[in-house]
Amino acid sequence: MSEVPATEPRDDGDWAIDVSRVTKRFRLRGASASLKTAAIDFLRGRPPRTFTALDDVSLRVRRGETVGIVGANGAGKSTLLSIIAGTIRATSGTARTRGSVSSLLELGAGFHPDLTGRENVMLYGAIMGIPRETMRRRFDEIVDFAGLAEFIDQPVRHYSSGMYVRLGFSVAVQVDPDILLVDEVLAVGDADFQRKCLEKMAEFRDRGKAMLLISHDINTVRRVADRVAYLAKGRLLAFGDPADVSSAYERETEAAAAASVAQREWGTGEARIVRAACVDPATGEERTGSLALRSPGRTEFRLRWGAARRVEWPVFGFSIADRATSRVVFGTNTQIAGRRIPALEGEGGLAFSVDLSRLHPGDYLVSFSLHSEDHKTNYHRLEHALRLKVENGLWFDGLVSLPVEWTI
Amino acid sequence: MDARADGPGRWLDLVRILTARNLKIRYKGSVLGFLWSLLTPALTILMYAVFARILKFNAGQPHYLQFLVSGIIVWGFTAGCLNDSLYSIAGNANLVKKVRFPRAILPLSTALANGVNFLLTFVPLALYLALTGTLEWGPGLLWLLPAFAFHLALCAGIACLVGTLNVFFRDTQHAVGIGQLAWFFLTPVFYFPRMQLEAAGFLGAWRGLVFLNPMTGVLALYRRALMGAAEQPLVPPEFAADVPARWVGASCAVCLAVLLLGLAALRRGDRTFGDAL
């Protein structure tokens, strides 16, 4: 993997968060702890099984700095945030903070569903140690910012997840902490509120406050962070410039994602698709595996086939599926197109081109098949042979842009 | 601009808000709301009164019913606290995992909410005792103050202890259920203190050790306050030679000891609450 050197911050004394060689091991226990299992383990002298969530992590956040933490699920991001918030103790190492800490961990966590928005706001303020009078003065601003004026006296159990986050964010910000910890929440909420949050965070930073932001959405992090830390399996792999770290992170996650999509094949094998390629419109090269298509138009695919024995009246087909949902967007074959192929013998090639200009930007999987005309014999099926990443500026709902004309 | 208040005073708001929250949630969605705190004990007393009359059950003592219901109401505080404290910490996992604040506030507010509720249940009890002429008006009622203070300390200690244990061992809830029943029988709620001391006869001159059950002494204080020394002395006169009234002090000392033990357990447990929740 590519290493972006972890920068060792100088001890300039201007830090707000200082994490020094923090290691955290959790004890692993069964689904539910019970006296019996604890007693048995103790009597057998069995050392508790542990899981290392954080392994020798050091990082420092300066005042007025926003640091993003990226990493896959289970990389240790939330554990690190909890240790900084002081709700979990490090097994070794130290995590220090200067000034008051407000955290926004999980979706509006800390809210009691049976209490109204108002009661929850006051409760949160009290937990943060803010006097009642101060909270009363700031109350209207909190409600305004969250845009929940009509609902503030409703129990929060009736709130939507977006409303939850909005209230959570505005309280966490309005208690005016020196350090704000934000865990994976900005993904929720509409664009308008996200913009408000980003503005608030910028204002926050300008006032010399420190912010630590967790997300697996690299784009959010890149937009707001001054520096980015990349955690994987509890280790800090990189810490530094957002552009460098995020490209390292993207490479890793894409490689992992590609590996996770199983390329499968099956069939009788009398005739086989030996190679499936897409012609990269940018370079004109044949590409297999995965490739990115920038604003693709008519795109050419080339297949090579081989037949161990003569196969008559075969049908070639392909399908394009949305990777996120596995839903087939489009599929067709030579039979539907009325192109009959008398026979395959030996080796040969075949090509088709398809207009991809109407696809929604995203990831797609292309599968190929070779079967008999009566569909009774499946010679070869090549599932997920190509992975296409379509990038274009289209903006619409759904997967395919259908031509529309408005008459008003 | 740092708006934060300093010192322990800053947490008083939180204690108050959490206590209020616990009370609110108790009756959330019910039509009668907090009136249940008055209604439940009133109806409980009524039921005991009706069935004791029908069954002609009075344990051979003139004011047995008053003796019984005062015990039931007082015990109700302890029992309610035991049950609520199971989730005083585990039930607030979202807060505990999220923000750093003195953890003792959680069980403390559980005990306080139950305390407030108990004071409400006290109203119908006092009314009943007054109506039946067994309430002793006078300075003796001042005994209620130490009774409630030590009782509250005991309940807070239990809340810390049970709340902490239940984070780490989910068996606690089952143990509390059966332990509560055992404790109930070890406390002279429905039987007389004299019977408890008789049963402890094997202890000889040390039978005063029954007061190591903190509820024995606490209950004696409450009954002394409500029904007067003539009817409910702190220690039954026939045992006064062996067991001077200061044994009640042992109960009070145990109440404080339980509180300290609870706080110590909480402090120890706090190191790993974040991991366990």
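Modeller: Please note that this is a predicted model. In chain B, the axes of helix α3 (residues 64-85) and helix α10 (residues 214-227) come within 10 Å and cross at roughly 130°.

Biologist: Which residues of α3(B) and α10(B) meet?

Modeller: From α3(B), the residues include B:Phe67, B:Val74 and B:Trp75, and from α10(B) they include B:Leu219, B:Tyr222 and B:Leu226. The residues of this contact comprise 8 nonpolar, 4 polar and 1 charged.

Biologist: Staying with α3 of chain B, is B:Ser85 buried or exposed?

Modeller: B:Ser85, which lies in that helix, is buried, because its relative accessible area is 0%. Leaving aside neighbours within four places in sequence, B:Ser85 is in contact with B:Thr110, B:Ile158, B:Ala159, B:Val162 and B:Gly163.

Biologist: Turning to the cores, how many residues has the largest nonpolar core?

Modeller: It has 57 residues, and those with the most contacts inside it are A:Tyr159, A:Leu167, A:Phe169, B:Leu14 and B:Phe101. Helix α5 (residues 161-174) of chain A contributes the largest share of this core, 7 residues.

Biologist: What is A:Leu167 in contact with, leaving aside its neighbours within four places in sequence?

Modeller: Its contacts include A:Phe111, A:Val121, A:Ile142, A:Leu148 and A:Tyr159.

Definitions and conventions: Residues are numbered from 1 along each chain as its sequence is written. Chains are lettered from A and ligands numbered from 1 in the order in which they are written. This is a predicted model: local features need pLDDT of at least 70, side-chain atom pairs count only at pLDDT 80 or more; totals for chains, interfaces and linings use all residues. Side-chain values use heavy atoms; hydrogens and water are left out. Axes are lines fitted to C-alpha atoms, for helices over the stretch in contact, and angles run from 0 to 180 degrees between N-to-C directions. Helices (H or I, at least four residues) and strands (E, at least two) are DSSP runs, numbered from the N terminus. Contact means heavy atoms within 4.5 Å. Ala, Val, Leu, Ile, Met, Phe, Trp, Tyr, Cys and Pro count as nonpolar, Asp, Glu, Lys and Arg as charged, and the others, Gly among them, as polar. A nonpolar core is a set of buried Ala, Val, Leu, Ile, Met, Phe, Trp, Tyr and Cys residues joined through side-chain atoms within 4.5 Å. Buried means under 20% relative accessible area, exposed over 50%, partly exposed in between (1.4 Å probe, protein chains only).
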